[in-house]
Protein chains: 2
Amino acid sequence: MSHITAVTALPTFPAAKDCDPVQLGWMQGSPPPVDKRIQFQDTTSYRFPQVRWSFAHQRQLVPTVVVAQGHALPLSTSAHGLPDIQYTAMGGQGGGNWTNMMEATYTDALLVMHKGHVLFEHYNGVMTPATQHIAMSVSKSFMGMMAACLVAQGQLDETQRVGHYVPELAASGFGDATVRQVMDMTTGIDYTENYADPQAEVWNHMRAGGVMPRPAVYTGPAHFYDYLPMVRKLGEHGEKFTYRTANTDVLGWILARVTGQRTEDMLSQKIWQPMGAEKDAYYSVDSIGTAFTGGGLNTTLRDLARFGELLRNHGRVGSTQVLPEAAVRDTFAGADPARFAQNGPPTLPGWSYRNMWWVSHNPHGAIMARGVHGQNIYIDPKADMVIARYASHPIAANIGNDPHTLPAYHAMGLALLGSYS
Amino acid sequence: MSHITAVTALPTFPAAKDCDPVQLGWMQGSPPPVDKRIQFQDTTSYRFPQVRWSFAHQRQLVPTVVVAQGHALPLSTSAHGLPDIQYTAMGGQGGGNWTNMMEATYTDALLVMHKGHVLFEHYNGVMTPATQHIAMSVSKSFMGMMAACLVAQGQLDETQRVGHYVPELAASGFGDATVRQVMDMTTGIDYTENYADPQAEVWNHMRAGGVMPRPAVYTGPAHFYDYLPMVRKLGEHGEKFTYRTANTDVLGWILARVTGQRTEDMLSQKIWQPMGAEKDAYYSVDSIGTAFTGGGLNTTLRDLARFGELLRNHGRVGSTQVLPEAAVRDTFAGADPARFAQNGPPTLPGWSYRNMWWVSHNPHGAIMARGVHGQNIYIDPKADMVIARYASHPIAANIGNDPHTLPAYHAMGLALLGSYS
């Protein structure tokens, strides 16, 4: 754990209990007082603690498209309840019980399932079971799984070059990368994703997609498909994992071409309806209606958990095989940790990245979907456990909450394995 | 009908069947071809025939808030079906059967209920039973009914001045108008609503609310509550009806203050949930999240019909009194046609405007909710008939479709009265 020490000197922020968005009065009143307003264009919707409200109100800030649910399948509740366990945080950052973990990580909502039943479900602040919260990069794991399914079904050739499927990208840095390299983020492109750096390329990407406000005079790319062909190559493809959101939007483009479907319709048909989602989800979209596949999905907590359960159950809902089992198996198997180690976050030693899922290779075989500010799906197949968590941590990078989250999740997995198996 | 002759020389547009949005390929492909794109900022979403797509995709174009449904109550279907009737259009503009009427009025979706059962339900182009279409000024009738209910319940004093409820409006043209004058649009204010005039005040209102695109450099009011206090007085209040959208947004502000609720939550609690809506509705919102009560509601066709049924049933759902019967009765009774006649559209002789509903005073006692480009709820209590209609007529003013719509609706009421009563 020595490589964690670098993250212990974090800036200080108000404790979660001292920045509850309801108690702070954000956006209450007609109109809300000037100092309680949260808006897109003035960037207040991206500031902390305003994010504690805005992450659950994206639709009010930007244009969106719906991922339609079908017939809802109920989630049953277990009588067991959540074991009262303790965890020790990484890097000497304390620890405690799960209440402490939830506080330390600015958790907005948390749900734990065990053997398909809900053990624990909790909502803070503005969150309710019906509220769609932004999933951030957990969105990527939906696209990665969609792609893995199409590969398993023979509809997408993972060895083909990106330029084969999307000729507009042939001359870009992505052109000669394979679909597999995009799916596992081993492309070599000139694109940085350090959220703490205002000059990082990711912000050009976000402004193009209308996800971040633009200056009054803006002459940059008008939408995602305008931006992606501008990304240049840097280094070689396939050598190492480097986390870059642009890969997901390229993958989204490829899938749209391969299926002939809009992203939101594909996700509705292939996952949202079959898994029995209880609410529609929605994506933020760019100026021409393109879903922000890299980070713009908003869902209820329960539907996030349903997706985790779908994978834990090898792609099945009851006895129905909804996703090809091979695609799920391939995801749990992960990729080469050696390619991950060079650029993976210090909180994830020995992990890999496959089909846009984070694979722990731990004794429980856990995998995660992860989004900035603490969005998570955590699947522990050995413990038959799925955790869905929405959060609004003041620090974007998960290095801010991993030291609490990861030990707490694994401790719960161990406890459940011991308690009821 | 002689006062209709002025509207017979309308510009010509492609026939409805020649501008089906699916066949025209709007917004299909990844990305859609440049000449098939519909965007908010470049105003293409307001052009004809693009409106045939955009009226059913507002959420993809602007920020929105949800009016949440609760438990859906099914709509039953009658075995009778729609009588095959003929109508004669006003002003010598032809006529025919209902298929002709739907074509002539660019109908996107139409539903006819008789005695609480669906007789006919039809969807064109991009519309489906699950699609929310913009209701335009039909939105106003929801606010007017909400206000009438609060008056009937003693929570809102219709004789009070606007400035009493909203001090920010005290110095504006609305300040010394009564709530009733706002509800019936007899305020005397300096505000023009001629959609064919680019200089009309209504466009300043729309730009403030983010409903119309703003120029690159925009220094006008930032949101609805910034704009409304700027409206000046012109003439006297209470003298005559003049149709002005600003009245509704003032009423929405008053209701938000009186109830302490956000508009979308009030509508959900008071109407959407009790009437058994089968889908959420949504409002477009301004930069600080204020619902555009004057014209920004988007609903499914079936939920529009449910609202009509609620009024036809005197505010009851089954045996439950959802809305005060007095508020509904007051609406059907209408206002003074003499005050209406000076400024009412020529297609509505003898009508009046009450609680933001259009009251025919015809032998059937029909009332309507009406929105530009052909949005309608038509309630014929004598025939036990409710019609909900969404459309995308090339001409904003209903003078473009009233000559077909009104005779066809009344002919259907007569036929149903004769057929089954």
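Modeller: One definition before we start. An axis here is a line fitted to C-alpha atoms, and for a helix it covers the stretch in contact. Also, this is a predicted model.

Colleague: Okay. At what angle do the axes of helix 3 and helix 9 of chain A cross?
Modeller: Roughly 75°. The axes of helix 3 (residues 138-152) and helix 9 (residues 263-272) of chain A come within 11 Å.

Colleague: What do you call helix 3 of chain A relative to helix 9 of chain A?
Modeller: Roughly perpendicular. Angles of 65 to 115 degrees count as that.

Colleague: Which residues make the contact?
Modeller: Helix 3 of chain A brings Phe142(A), Met146(A) and Cys149(A). Helix 9 of chain A brings Met266(A), Leu267(A), Lys270(A) and Ile271(A). By class, this contact has 6 nonpolar residues, no polar ones and 1 charged one.

Colleague: New topic: sheets. What is the strand order of the open sheet in chain A?
Modeller: The order is 2-6-5-16-15-14-13-12, with 8 strands and mixed pairing.

Colleague: Which are the edge strands?
Modeller: Strand 2 (76-77) and strand 12 (352-354) of chain A. Each pairs on one side only.

Colleague: How does strand 12 of chain A pair with strand 13 of chain A?
Modeller: In the antiparallel sense, over 3 bridges. Strand 13 of chain A is residues 357-359. Arg354(A) has Trp357(A), in strand 13 of chain A, as its bridge partner.

Colleague: Which strands does helix 10 of chain A touch?
Modeller: Helix 10 (residues 301-312) of chain A packs on the sheet and touches strand 5 (107-114), strand 15 (375-380) and strand 16 (385-391) of chain A. Its direction makes about 150° with that of strand 16 of chain A.

Colleague: Over to chain B. How many residues of strand 15 of chain B are buried?
Modeller: 6 of its 6 residues. Both faces are covered. Gln375(B), Ile377(B) and Ile379(B) are buried on one side. Asn376(B), Tyr378(B) and Asp380(B) are buried on the other.

Colleague: How many bridges join strand 14 of chain B to strand 15 of chain B?
Modeller: 5, and the two strands run antiparallel. Gly371(B) stands opposite Gln375(B).

Colleague: Where is Met185(A)?
Modeller: In the loop between helix 5 (179-183) and helix 6 (201-208) of chain A. Met185(A) has a positive phi near 55° and is not a glycine.

Colleague: Is Met185(A) buried or exposed?
Modeller: Met185(A) counts as buried because it has 26 C-beta neighbours inside 10 Å. The cut-off for buried is 20 or more.

Colleague: What about Tyr106(B)?  Where is its place?
Modeller: In the loop between helix 2 (98-104) and strand 5 (107-114) of chain B. Tyr106(B) has a positive phi of about 55°. With 28 C-beta neighbours inside 10 Å, Tyr106(B) counts as buried.

Colleague: Where is there a cis peptide bond in chain A?
Modeller: One joins Ser30(A) and Pro31(A), with omega about 0°. Pro31(A) is in the segment before helix 1 (51-54) of chain A. In chain B, the bond from Ser30(B) to Pro31(B) is cis, with omega near -5°.

Colleague: How many residues of chain B are in contact with chain A?
Modeller: 27, and they meet 27 residues of chain A. Helix 8 (246-259) of chain B and strand 1 (64-67) of chain B each supply at least two residues of that side. Helix 8 of chain B gives the most, with 3 residues. By class, the side divides into 16 nonpolar, 8 polar and 3 charged residues.

Colleague: Why say the copies meet through the same surface?
Modeller: Because 100% of the interface residues of chain B are also interface residues in chain A.

How values were computed: Residues numbered from 1 in each chain as written. Chains lettered and ligands numbered in written order. Predicted model: local features only at pLDDT ≥ 70, side-chain atom pairs only at ≥ 80, totals over all residues. Axes fitted to C-alpha atoms, helices over the stretch in contact; angles between N-to-C directions. Helix = DSSP H or I, 4+ residues; strand = E, 2+ residues; numbered from the N terminus. Parallel < 35°, antiparallel > 145°, perpendicular 65-115°, else oblique. Contact = placed C-beta atoms within 7 Å. Nonpolar A, V, L, I, M, F, W, Y, C, P; charged D, E, K, R; others polar. Pairing = 2+ DSSP bridges. Buried ≥ 20, exposed ≤ 12 C-beta atoms within 10 Å, placed from the backbone.
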